[in-house]
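Hi,

Here is the structure I said I would pass on.

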Amino acid sequence: MNTRILSGALALSMALSGCAQLPNPFAARPVSGPAPTVEDTPPPPEEIAAIVSAPRPAAAARTVDQFDTTTQEQKAAATAAPTGGETRLGEVVASLGDPTEPGLWIKTPLVTEQRSGRLEYPGSGKSAVVELRPLAGDGGSQVSLAAMRLLEAPLTDLPTLIVYAN
């Protein structure tokens, strides 16, 4: 009986060691070139720069409030009623973007160039002026921490947002 258990364990360990040679389907896929940094991002469109731009959070930032460096004035301007003249681009499933990237923005495959726009979160009925940044591919969009907070979208969920361009 002990021999059968030992030989079974040996066969199992040999089979599992072969799995180490297979590619991991859940591993991150390599991306060509270095990841873009905040410094690589061009400045936002002039007409909304004062609303969507914010200073980088301190290196010691640890809380949501410390990472969200937008001012109360910016938040008020960003949530003012839309003035019209926008085009609905569509709906996206969004996740929280890099919290160290300041300001009000969304990276989305719905645009091919940087421009001004607005996000609406039907879950709260809130909307906010944001910078629309292109995102290659057809996956989900990434939204700044400050924009997610203004929309009152859950930071740990994948909310569906409506994207408008000016």
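I'll begin with the inside: the largest cavity holds about 40 Å³ of space. Counting cavities of 30 Å³ or more gives one. Please keep in mind throughout that this is a predicted model.

The residues lining the largest cavity are Phe67, Asp68, Thr69, Pro99, Glu101, Pro102, Gly103, Ser144, Leu145 and Ala146. Sorted by class, that lining has five nonpolar, three polar and two charged residues.

One of the lining residues is worth a stop. Glu101 lines the largest cavity and sits in the loop between S1 and strand S2 (105-108). Is glutamate 101 buried or exposed? With a relative accessible area of 9%, glutamate 101 falls under the 20% cut-off, so it counts as buried. What does its side chain pair with? The side chain of arginine 133 is the partner, in a polar contact of 2.9 Å.

Lysine 75 belongs to helix H4 and counts as buried because its relative accessibility is 18%. Leaving out residues up to four places away in sequence, lysine 75 touches Asp68, Thr70 and Leu150, and Asp68 is among the residues that line the largest cavity.

Now for the overall layout. The protein chain has five helices and six strands, and along the sequence they come in the order α-α-α-α-β-β-β-β-β-α-β. Of its 166 residues, 34% count as buried. If you take contacts between residues at least 6 apart in sequence, 73% of them join residues at least 24 apart.

Nonpolar side chains tend to be buried together in soluble globular proteins. The largest nonpolar core here has 25 residues, and the members that touch the most others are Leu104, Ile106, Leu119, Val143 and Leu161. Two or more residues each come from helix H2 (49-52), strand S1 (87-96), strand S3 (115-121), strand S4 (126-134), helix H5 (145-151) and strand S6 (160-165). Which element gives the largest share of this core? That is H5, with five residues.

Setting aside its neighbours within four places in sequence, isoleucine 106 is in contact with Val92, Leu119, Val130, Glu131, Leu132, Arg133, Ser141, Gln142, Val143 and Val163. Two of those partners, Leu119 and Val143, are named alongside Ile106 among the core members that touch the most others. Arg133 is also on the contact list of isoleucine 106, and arginine 133 is the residue whose side chain meets that of glutamate 101.

Proline 159 is in the loop between H5 and S6 and is buried, with a relative accessible area of 5%. Proline 159 and valine 92 are 67 residues apart in sequence, and their C-alpha atoms are 8.2 Å apart in space.

Proline 109 is in the loop between S2 and S3, and a relative accessible area of 28% makes proline 109 partly exposed. Not counting residues up to four places away in sequence, proline 109 touches Leu135, Gly137, Asp138, Gly139 and Ser141.

Last, the second largest pocket, which holds about 150 Å³ of space. Its lining is made up of Ile48, Ala77, Ala80, Ala81, Pro82, Thr83, Gly84, Glu86, Gly117, Arg118, Val129 and Asn166. By class, that comes to six nonpolar, four polar and two charged residues.

Glu86 and Arg118 are both in that lining, and their side chains make a polar contact at 2.7 Å. The two residues are 32 apart along the chain, with their C-alpha atoms separated by 8.5 Å. Glutamate 86 is found in the loop between helix H4 (72-78) and S1 and is partly exposed, with a relative accessible area of 25%. Beyond neighbours within four places in sequence, glutamate 86 is in contact with Arg118, Tyr164, Ala165 and Asn166; Asn166 is another of the residues lining the pocket.

Over to you!

Terms used:
Residues are numbered from 1 along each chain as its sequence is written. This is a predicted model: local features need pLDDT of at least 70, side-chain atom pairs count only at pLDDT 80 or more; totals for chains, interfaces and linings use all residues. Side-chain values use heavy atoms; hydrogens and water are left out. On a 1 Å grid over the protein atoms alone, a cavity is a set of points where a 1.4 Å probe fits but cannot get out, and a pocket is an open set with protein on both sides within 12 Å along at least five of seven lines; lining residues have an atom within 4 Å of a point. Grid points are joined across faces, edges and corners, and a volume is the space filled by probe spheres set on the points. Ala, Val, Leu, Ile, Met, Phe, Trp, Tyr, Cys and Pro count as nonpolar, Asp, Glu, Lys and Arg as charged, and the others, Gly among them, as polar. A nonpolar core is a set of buried Ala, Val, Leu, Ile, Met, Phe, Trp, Tyr and Cys residues joined through side-chain atoms within 4.5 Å. Buried means under 20% relative accessible area, exposed over 50%, partly exposed in between (1.4 Å probe, protein chains only). Helices (H or I, at least four residues) and strands (E, at least two) are DSSP runs, numbered from the N terminus. Contact means heavy atoms within 4.5 Å. A polar contact is a pair of N or O atoms within 3.5 Å; within protein, one must be able to donate a hydrogen and the other to accept it, and residues adjacent in sequence count only if both atoms are side-chain atoms.
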